[in-house]
Amino acid sequence: MRPFPVKTRHRLLYAALIAGLVALPAAAANKTLVYCSEGSPEGFQPQFFSTGTTFDAVSVPMFNRLVEFETGTTNIIPALAESWTVSPDSKVVTFKLRHGVKFHSNANFKPTRDFNADDVLFSWSRMADENHPFHKMTAGQTFAYFDDMGMKNIVDKVEALDKYTVRFTLKRPEAPFLADMAMDFASINSAEYFDTMMKKGTPNAADVYPIGTGPFEFVSYQKDATIRYKAFDQYWKGRPKIDNLIFSITRDATARYAKLKTGECQVMAFPKPADLAEMQKDPQLNVLQKQGLNIGYIAFNVEKKPFDNKLVRQALNIATNKEAILKAVYQGQGQVAKNPIPPTLWSYNDAVQDYSYDVAKAKQLLAQAGYPNGFETDLWYLPVTRPYNPDGKRMAEMIQADWEKVGVKAKLVTYEWAEYRKRSKTGEQPVMMFGWSGDNGDPDNFFVPLLGCEAVKGGGNVARWCNKPFEDLVIKAAQTPNKADRAKLYEQAQVIFKEEAPWITLAHSVRFDPIRKEVKGYKMDATAHHYFTSVDIARDSAQ
């Protein structure tokens, strides 16, 4: 799978861009932090994607939003917008923009101006306006999160009142709107950069080779191996403490741990639960942990038979031994999930009854659905470690064994991560392992992009389940200003979800970030991102 959303004819362009970059001189490599990441990004344009692997490598180090989350929390703080006001009817949000914010540069582009309202209008209009010159730059590419969240049904228009004031007018009150604006898809691009690349006849270059306002500048990418960044000297919050940041892409968790132990990397993503006890005894390591704002699940594609039948979906829920999966795959580091949102999130409905593991009952339901002898299907499993699932293959093997007991023969299938996501967006999967880490601390962020009707088209709703009573409750909740009233609506939505069973809710995991002792100032993020802006290293390191 190609690493970027570009046509074949643009591959030579990318090679030329990278060849034109100047390598970091050894003398400049005073402090280098190496992060052992779990997978390759799908591309380098945050508007196009919705996965944490991509956001970690793109929007987190290289871009900013108008508002952002305070690291470690979901508290909204000013970023590219210094302040904002909300009208009494909650339908007009006006942002005052920060002055003096610089954009990155590269071998093909040197900015001639600071960030201003033009960049906000460009970034939003590109996603929202189908006639925008940069809306359909790449065949088959969608604005995944924007589409999944139905933002076209929320935002009516965006206007620049002056060079440093931008007004968003909404079609309806939207309680999560500010939190939505802090999310990765709302990263701000440079309008000047895109225009410059268009004039040079290489418009796709702006999506291939990223320019943002964030703490780190892009240096190079070696597919499935390494991403290199350097500290941005003119970063508006102040230059990062480390000089160079390297993502060492290492899919296998055991290999990541080996690199961490030897000091080949200083921070690693998503350890195996079985390795945690040993890690916690190592005097060279600190193992940070946090309750995960996440859900791991199996999604049934309800557009494909036999999963259009609710009884089949319920039967396979009942046929899956979730307690055994929690023990073997998560090593007890989490809890069995019964709802699509974790219990740490407000509006969680604890009164919902989960499906109990019962082979006889599952067989009975399958027979009732017209499948007394079971059936055959493909079960897609995760090719990468995720915060909500430490071992997709092991989980798939256990589910395969469970389903075989009720006559359902599952063939295990997987693809490279970017290909896995690409195929699932078009609905190719019959049954698919997936999951989610919350991006903004609002229940809306689970219900809408994962289960909403717009997200069927956007590709985030991999169950392709569109249920009007559920949809009506979720949309009404988003338009309800009172938090307690919103919670009641989400609680009702969870009851419908459980009855309809578009997913097997598996587990909410505890997250762990193992880091070496020389790493200072690192904080675990509430949304499972990995931030290195404020991190320092106690010793000099040259890579």
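Trainee: Where is A81 found?
Mentor: A81 is found in strand β4, residues 81-86. Helices (H or I, at least four residues) and strands (E, at least two) are DSSP runs here, numbered from the N terminus. Before we go on: this is a predicted model, where local features need pLDDT of at least 70 and side-chain atom pairs count only at pLDDT 80 or more, while totals for chains, interfaces and linings use all residues. Residues are numbered from 1 along each chain as its sequence is written, and side-chain values use heavy atoms, with hydrogens and water left out.

Trainee: Noted. Is A81 buried or exposed?
Mentor: A81 counts as buried because its relative accessible area is 0%. The cut-offs are under 20% relative accessible area for buried, over 50% for exposed, and partly exposed in between, with a 1.4 Å probe and protein chains only.

Trainee: And what does A81 touch?
Mentor: Leaving out residues up to four places away in sequence, A81 touches L66, F95, K96, L97 and R98. Contact means heavy atoms within 4.5 Å.

Trainee: How many bridges link β4 and β5?
Mentor: Five, in the antiparallel sense, with β5 covering residues 92-97. In that pairing S83 stands opposite K96 in β5.

Trainee: Switching to the core. Which residues touch the most other members in the largest one?
Mentor: L66, F168 and F532, out of 147 residues in the largest nonpolar core. Such a core is a set of buried Ala, Val, Leu, Ile, Met, Phe, Trp, Tyr and Cys residues joined through side-chain atoms within 4.5 Å. There's a second, separate core of 13 residues, which includes I246, C265, L276 and V287.

Trainee: What does F168 touch?
Mentor: Again skipping residues up to four places away in sequence, the contacts of F168 include L66, F95, V120, W124 and M181.

Trainee: You mentioned C265. Which cysteine does a disulfide join to it?
Mentor: C36, with S to S at 2.5 Å. A disulfide here is a pair of cysteine sulfur atoms within 2.5 Å. The link of C36 and C265 is left-handed, with -110 degrees about the S-S bond. The pair links distant parts of the chain, 229 residues apart: C36 is in strand β1 (residues 32-37), and C265 is in the loop between α9 (253-262) and β11 (267-268). C36 is buried because its relative accessibility is 0%, and C265 is buried at 0% too.

Trainee: How many disulfides does a search of the whole structure find?
Mentor: Two. The other joins C453 to C466, S to S 2.0 Å, and is right-handed with 90 degrees about the S-S bond. C453 is buried at 16% relative accessible area, whereas C466 is partly exposed at 49%.

Trainee: What about R464, where does that sit?
Mentor: R464 is in the loop between α17 and α18, and at 15% relative accessible area R464 is buried. The R464 side chain makes a polar contact with the side chain of E303 at 2.8 Å, and reaches the backbone oxygen of K425 at 3.3 Å. A polar contact is a pair of N or O atoms within 3.5 Å; within protein, one must be able to donate a hydrogen and the other to accept it, and residues adjacent in sequence count only if both atoms are side-chain atoms.

Trainee: Last one: how many of the residues in β13 are buried?
Mentor: Seven of its seven, for residues 294-300. Seven bridges join β13 to β17 (residues 431-437), running antiparallel, and I295 stands opposite W436 there.

Technical notes
Pairing = 2+ DSSP bridges.
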